[in-house]
Structures are given as C-alpha cells and as structure tokens.
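I open this notebook to record what I looked up in one structure. The entries follow the order in which I consulted it.

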Amino acid sequence: MGPVEKGHSPFPSTERAIYGFSVYLGAHIFLGTFLLWAYTPDEWLKHIGFTYFPQKYWAVAIPSLLIVSLLVFLVAYWGVNLTLTAPLDDLRAIRDTWSIPPPTEPSQTSVPALYDVPITEVNIAMFGTRRPEEHSKKDVHR
C-alpha cells in the first residue's frame with residue numbers, strides 16, 4: 001500500500017483542537033475577569049490589593065463602542081453591496097460571465113444539473129403566457 005494522503009476531515013486535528021480549547025478557556029477567563037472588575041466596587045478591589053485598574057466608565061464605553069462599530073460596519077457593508085449591484089434594467093442582472101446555461105439534454109441522475117433559470121421561463125412561471133390578440137394599443141402606451 002502507498003502512503004495515505006491526508007484529506008479534509010470534518011473532525012478537528014489535534015492542533016486545531018488544542019488551539020480551539022485554549023481560545024475557549026481564554027475567552028471565559030477574560031469574560032469572568034471583566035465581569036468581576038465591572039461589578040466589584042473599587043473599595044473592595046483596593047482592599048484586595050488591586051490599586052491600578054481602569055475606571056468603571058470603560059466597562060460601559062468599550063462594549064458600547066463595539067456594538068456601534070458593528071452596526072456601522074453592517075450599514076457600510078450593505079451600502080457597498082448596494083452600490084456594486086447592477087440596476088434591475090441592466091443586462092448583467094439577467095446573465096453574466098458566471099451564468100450557467102440550461103443543459104441541452106435531460107439529466108439521467110436523480111438530481112438535476114444546476115443552472116441559471118432563463119428570464120423567459122421566470123416570466124412564464126410568474127405572469128403566464130399572453131396571446132398576441134390580447135395586446136391592445138392601451139398596453140403599448142403604458
């Protein structure tokens with residue numbers, strides 16, 4: 001037998017498991033320390049021997065800053081994606097270089113092939129078909 005190739009596995013490797021557990025413990029220790037500092041009165045901390053610590057103002061300011069930063073990031077992300085999206089009347093909104101055309105022959109497997117649905121099929125499915133005699137001059141001038 002030849003050498004076994006190391007493939008992708010859903011199970012974490014030993015190194016990833018150790019790093020993950022370390023981050024897990026570190027996050028819980030940090031949270032516990034933060035909550036103890038935020039809720040313990042200053043007199044008690046000084047009595048224990050902790051004389052150098054930040055003001056309690058930062059216990060509110062830092063989480064508030066993080067939440068506001070997250071909200072600003074989400075709005076900016078939404079705005080950038082909105083400006084980069086093609087308008088609805090642009091042909092790139094219908095078909096582009098990454099579009100996958102429908103297969104020419106039917107699939108022989110139980111799962112059909114993945115493809116982009118042509119706009120004509122979407123219009124027929126959503127609005128049905130119209131016969132030419134149903135068109136009137138009023139429809140043309142809308």
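**Entry 1: A charged pair**

I began with Asp42, which is partly exposed, its relative accessible area being 28%. The model I am reading is predicted. I then looked for the partner of Asp42 and found Lys56, with which Asp42 forms a salt bridge. The closest N and O atoms of Asp42 and Lys56 are 3.8 Å apart, and the cut-off for a salt bridge is 4 Å. I noted the general principle that side chains of opposite charge can pair when their charged atoms come close.

I next placed the two residues along the chain. Asp42 belongs to helix 2 (residues 42-48), whereas Lys56 sits in the loop between helix 2 and helix 3. The two are 14 residues apart, and the pair links distant parts of the chain. I also looked up the accessibility of Lys56: its value is 24%, and Lys56 counts as partly exposed. How many salt bridges does a search of the whole structure find? I recorded one salt bridge.

**Entry 2: Helix 1 and helix 3**

I turned to helix 1 (residues 14-39) and helix 3 (residues 57-84), whose axes come within 8 Å. I read their crossing angle as roughly 130 degrees. Helix 1 and helix 3 are therefore oblique to each other. Which residues make the contact? From helix 1 I listed Phe34, Trp37 and Ala38, and from helix 3 I listed Trp58, Ala59 and Pro63. I sorted the residues of this contact into six nonpolar, no polar and no charged.

**Entry 3: Pro63**

I returned to Pro63, which lies in helix 3. Leaving aside residues up to four places away in sequence, I found that Pro63 touches Phe34 and Trp58. Is Pro63 buried or partly exposed? Pro63 has a relative accessible area of 28% and is partly exposed.

**Entry 4: The whole protein**

I closed with the overall figures. The protein has five helices and zero strands, and I read its pattern along the sequence as α-α-α-α-α. Of the 142 residues in the protein, buried residues make up 6%. I looked up the accessible surface as well, which comes to about 13900 Å². Carbon and sulfur atoms account for 68% of that surface. Lastly, I considered contacts between residues at least 6 apart in sequence, and noted that 8% of these join residues at least 24 apart.

Conventions. Residues numbered from 1 in each chain as written. Predicted model: local features only at pLDDT ≥ 70, side-chain atom pairs only at ≥ 80, totals over all residues. Heavy atoms only, no water. Axes fitted to C-alpha atoms, helices over the stretch in contact; angles between N-to-C directions. Helix = DSSP H or I, 4+ residues; strand = E, 2+ residues; numbered from the N terminus. Parallel < 35°, antiparallel > 145°, perpendicular 65-115°, else oblique. Contact = heavy atoms within 4.5 Å. Nonpolar A, V, L, I, M, F, W, Y, C, P; charged D, E, K, R; others polar. Buried < 20%, exposed > 50% of the residue type's maximum accessible area, 1.4 Å probe, protein only. Areas by Shrake-Rupley, 256 points an atom, 1.4 Å probe, with all protein chains shown as cover. Salt bridge = Lys/Arg side-chain N within 4 Å of Asp/Glu carboxyl O.
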